[in-house]
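Here are my notes on this one, point by point. Have the model open while you read.

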Amino acid sequence: MSVADYMTKKLITVRPETRINDAVDLMKENDIHRLPVLDGGQLVGLVTEGIIQAALPSKATSLSVYEVNYLLNKTTVADVMEKDVRTIPAAAVLEDAIYQMRHYKIGVLPVVDNGQLVGIITNNDIFDAFLNIAGYDQGGTTVTIKVTQNVAGFLAKVSDALAEHNYNILTLMVTDRADIRLIELHVATTDEVGVKAALTGAGFELL
């Protein structure tokens, strides 16, 4: 799974000279929370709701409403944008994007190929990817097998046990804990009792 598979390709961008008020309106109109900043087609920064909020005068300011509005009308995206923007290639695996977001505590990565902005991937895109990988909207039955020993061909045996009863695996995820491995199977049937019987009958321990 690559970043390209889940990134947002329909981009809404601003220029450095865009006024802050216009950037805010653009976010509201499109129900988004961040805007890549392009200059001459090149990514030069990123502006988010949080960045703009931090740049606004405090409620405790002594400025009048007119002075605040004047200030905001004079402030441009270039004045407040984040210039040191972390990016990721479209061909990068999804795990690389997740790692960067977690490691650098950021919620968005512009996707750049050959110096050109081709997309953007956010934490919401990551959530959508997880639901897709888990087959969340495909229906069926989910069961979890507990694995206490590393046995060669284990997954093949699981597949064979289900196939004998004409059950097909839609997706599977493997999770390692301190002393056990869990295999979550999403099976293409609503017959939960039958699936569990097929697996336990073949000697597998279910969680």
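1. Where does UniProt place the feature "domain: ACT"? The record, an unreviewed entry, puts it at residues 143-207; UniProt positions are given in the numbering used here, feature names are shortened, and annotations may be inferred rather than shown by experiment. The end C-alpha atoms of residues 143-207 sit 8 Å apart, and the span is 31% helix and 34% strand. Helices (H or I, at least four residues) and strands (E, at least two) are DSSP runs, numbered from the N terminus.

2. Some ground rules. This is a predicted model, with local features needing pLDDT of at least 70 and side-chain atom pairs counting only at pLDDT 80 or more, while totals for chains, interfaces and linings use all residues. Residues are numbered from 1 along each chain as its sequence is written, and side-chain values use heavy atoms, with hydrogens and water left out.

3. The largest pocket has a volume of about 310 Å³. (A pocket is an open set of points on a 1 Å grid over the protein atoms alone, where a 1.4 Å probe fits, with protein on both sides within 12 Å along at least five of seven lines; lining residues have an atom within 4 Å of a point. Points are joined across faces, edges and corners, and the volume is the space filled by probe spheres set on them.) Of its 14 lining residues, Thr8, Ile32, His33, Arg34 and Thr122 lie nearest the centre. β1 (34-39), β4 (116-122) and α7 (123-133) each supply at least two residues of that lining.

4. The second largest pocket holds about 210 Å³ of space. Helix α7 turns up here too, giving the largest share of the lining, five residues, and α6 (94-104) supplies at least two. Among the lining residues are Met1, Phe127, Phe130 and Met173. The lining divides into nine nonpolar residues, no polar and one charged.

5. Now α2 (residues 20-30): Ile20, Ala23 and Met27 are buried (under 20% relative accessible area, with exposed being over 50%, by a 1.4 Å probe on protein chains only). These buried residues line one face of the helix, because they fall within an arc of 60 degrees seen down the axis of α2, the arc being that of the directions from the axis to the C-beta atoms. Lys28 and Glu29, on the other side of α2, are exposed. Just after α2, Asp31 takes a positive phi of about 55 degrees.

6. Last, have a look at Gln100 in α6. Gln100 counts as buried because its relative accessibility is 14%. Leaving out residues up to four places away in sequence, Gln100 touches Arg86, Thr87, Ile88, Lys105, Ile106 and Leu109, a contact being heavy atoms within 4.5 Å.

Terms used: Nonpolar A, V, L, I, M, F, W, Y, C, P; charged D, E, K, R; others polar.
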